[in-house]
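Colleague: I would like to learn how to read a structure like this one. Please take me through it a feature at a time.

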Amino acid sequence: MRAIKLIPVFLLLILASCSSITVYSDYDKNVDFAPYKTYAYFKPGIDKVEISDLDKRRILHAIDNEMQAKGFTKSDNPDLLINIFTKSREQVNVNQFSAGWGYGWGWGWNPWMMYGNQTSVSTSTEGTLYIDLIDAKKKEMIWQGEGIGTLTKNVDKKDEKVAAFVGKILAQYPPVKK
């Protein structure tokens with residue numbers, strides 16, 4: 001009985017962990033990030049990204065929002081060039097649930113024995129978004145952010161999901177030097 005009460009808690013934890021976005025960043029420790037105030041997109045790199053134009057626009061719009069919130073402005077003569085890269089992979093999840101078969105301590109007769117074992121299979125797409133910041137004058141990457149999480153095909157939630165990815169990644173810029 002006690003185990004049955006814990007099932008909703010475990011399901012909530014599983015759902016919460018599935019919806020999270022994991023972020024990482026790396027940067028050149030010799031760079032002073034304070035002088036960078038303007039940005040533009042690295043068009044040759046953006047054009048190579050193999051996602052739909054709609055998703056590409058969602059990502060660029062979310063980056064614009066985050067950069068402007070940090071005090072950056074778009075410029076034809078930028079301090080930073082921004083490039084993105086994406087990749088995805090399909091995940092298959094198999095879950096089995098057994099409702100009390102067999103003998104032993106704590107087990108009893110189950111009137112639903114024919115329904116005792118249940119297997120469910122689901123798929124999800126895990127996506128990775130990389131955001132590269134390049135010193136425009138030196139043409140060197142100075143910072144890279146990476147976000148990994150589950151993607152959605154629900155059109156109504158895509159903007160929200162993309163904004164969450166970009167927001168969590170760019171929250172790590174500028175890096176805090178220790």
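**Reading the core**

Modeller: In the largest nonpolar core, which has 28 residues, those touching the most other members are Ile63, Leu80, Ile84, Ile131 and Val166. A nonpolar core is a set of buried Ala, Val, Leu, Ile, Met, Phe, Trp, Tyr and Cys residues joined through side-chain atoms within 4.5 Å. Two or more residues each come from strand S2 (38–41), helix H3 (53–69), strand S4 (80–98), strand S5 (117–135), strand S6 (140–150) and H4. Helices (H or I, at least four residues) and strands (E, at least two) are DSSP runs, numbered from the N terminus.

Colleague: What kind of model is this, and how are residues numbered?

Modeller: This is a predicted model, with residues numbered from 1 along each chain as its sequence is written. Local features need pLDDT of at least 70, side-chain atom pairs count only at pLDDT 80 or more, totals for chains, interfaces and linings use all residues, and side-chain values use heavy atoms, with hydrogens and water left out.

Colleague: How should I read pLDDT?

Modeller: pLDDT is the predictor's confidence in each residue, from 0 to 100. Here the protein averages 82, and 74% of the residues score at least 70. Over residues 3–18 the value stays under 50, and the model has 2 contacts (heavy atoms within 4.5 Å) beyond four places in sequence for them.

Colleague: Which residues does valine 166 touch?

Modeller: Leaving out residues up to four places away in sequence, valine 166 touches Ile59, Ala62, Ile63, Glu66, Leu129 and Ile131.

Colleague: Which residues of H4 are buried?

Modeller: Buried means under 20% relative accessible area, exposed over 50%, and partly exposed in between (1.4 Å probe, protein chains only). In H4 the buried residues are Lys161, Val162, Phe165, Val166, Gly167, Ile169 and Leu170. Across the protein, 34% of the 178 residues are buried. In soluble globular proteins, nonpolar side chains tend to be buried together.

Colleague: Why does glutamine 68 count as partly exposed?

Modeller: Glutamine 68, which is in helix H3, counts as partly exposed because its relative accessibility is 47%. Its C-alpha atom is separated by 9.9 Å from that of tyrosine 39, 29 residues apart along the chain.

Colleague: What span should helix H4 have?

Modeller: The expected span is 1.5 Å times one less than the number of residues. Helix H4 (residues 155–170) has 16 residues and so should span 22 Å; its end C-alpha atoms are 23 Å apart, which agrees.
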